[in-house]
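Open the model in your viewer and show it as a cartoon. This tour goes from one selection to the next and says what is there.

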Amino acid sequence: MHVIYGGTFDPVHHGHLRLALEISERLGDVPVDLVPCHIPPHRGATRATAGQRQRMLALAIEGELRLRIDDRELRRAGASYTADTLRQLRSELGDEVPLVMVVGTDAFAGFDRWREWQQIPGLAHIVVVRRPGSTLAPETEPARLLETRRVGNAQALHADPSGHILELDPPLLDISATGIRERLASGRSARYLMPDVVLTEIQRMGLYGACPGENF
Ligand code: ATP
């Protein structure tokens, strides 16, 4: 089974890392590939570059064999569409290997606005992670898709290469990258929200307004 979990990871934090491990365990101790996405350069000067986000991810997962980084979207010029990424993975994996994409309910609620969204169930399974405060409105395309493709357990995902949707409700940490960037920009501590090694790197690089060389 091949599992991808995409995000901006600007920066990666314990909310992402815990979720990735929970997913790994609930799907049967499979590896989870974190896929950092391209961010257009105009979205704020203090945001980390692709190389910096990738470096922080690498530090965060060091020694954790269940988590890996797939940097294919960073290597492509311009924005990547999930359908393109899945199509590329499908051609690498062949037709038989189960391919799984992890999304939060917030993202899944707008799934029918994704480019080529109707192609996606033919390429991969979808794991929808319930996020507090975010519900799927009934009578919408994503709700209908869930209704017709929902399965009750992870075994069903192992049995087929694509096409099923599994809802998971793992415990989530109330941490956001936005909150971390705001803390650092206003001189507050971001310790214990992410691995110390990532925070040290942020300070070394002077990212997000953190003072270079300053202690936690
Ligand atoms: P930002 O605050 O910059 O929007 P973020 O912290 O939400 O960032 P992203 O990199 O945008 O993080 O998110 C990547 C994926 O991780 C998304 O699917 C998002 O729903 C999920 N995610 C973000 N924070 C958490 C968390 N605390 N627990 C579980 N999942 C999370």
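**Stop 1: the whole chain.** This is a predicted model. Select the protein chain and count its secondary structure: there are 10 helices and seven strands. The radius of gyration is 18 Å, close to the 17 Å that the globule rule gives for 216 residues, so the chain is as compact as a globular protein of that length. Along the principal axes, the C-alpha atoms fill a box of roughly 50 × 35 × 35 Å. Buried residues account for 31% of the 216 residues. Now consider contacts between residues at least 6 apart in sequence: 73% of them join residues at least 24 apart.

**Stop 2: the ligand.** Select the ligand and the residues around it. How many residues surround the ligand? There are 17, and the closest are Gly7, Gly15, Gly104, Ala177 and Thr178. Next, colour the elements that give two or more residues to this shell: α1 (14–26), β4 (99–104), α5 (105–109) and α9 (177–185). Of these, α1 gives the most, with three residues. Colouring the shell by residue type shows eight nonpolar, seven polar and two charged residues.

**Stop 3: strands around β7.** Select β7, residues 165–168, together with β5, residues 125–129. The two strands pair in the parallel sense over four bridges.

**Stop 4: helix α10.** Select residues 196–205, which form α10, and highlight its buried residues: Val198, Leu199, Glu201 and Ile202. Turn the view to look down the axis of α10: these buried residues fall within an arc of 160°, so they line one face of the helix. An α-helix has 3.6 residues a turn, so residues three or four places apart point the same way. What do the buried residues of α10 pack against? They pack against α2 (50–61) and α9. α9 was also at the ligand stop, as one of the elements that give two or more residues to the shell.

Now look at the face of α10 turned away from its buried side, which carries the exposed residues Asp196 and Arg204. To finish, select Gly206, which follows α10 and has a positive phi, near 65°.

Conventions:
Residues numbered from 1 in each chain as written. Predicted model: local features only at pLDDT ≥ 70, side-chain atom pairs only at ≥ 80, totals over all residues. Near = placed C-beta within 6 Å. Nonpolar A, V, L, I, M, F, W, Y, C, P; charged D, E, K, R; others polar. Pairing = 2+ DSSP bridges. Buried ≥ 20, exposed ≤ 12 C-beta atoms within 10 Å, placed from the backbone. Arc of directions from axis to C-beta. Contact = placed C-beta atoms within 7 Å. Rg over C-alpha atoms; globule rule 2.2 N^0.38 Å.
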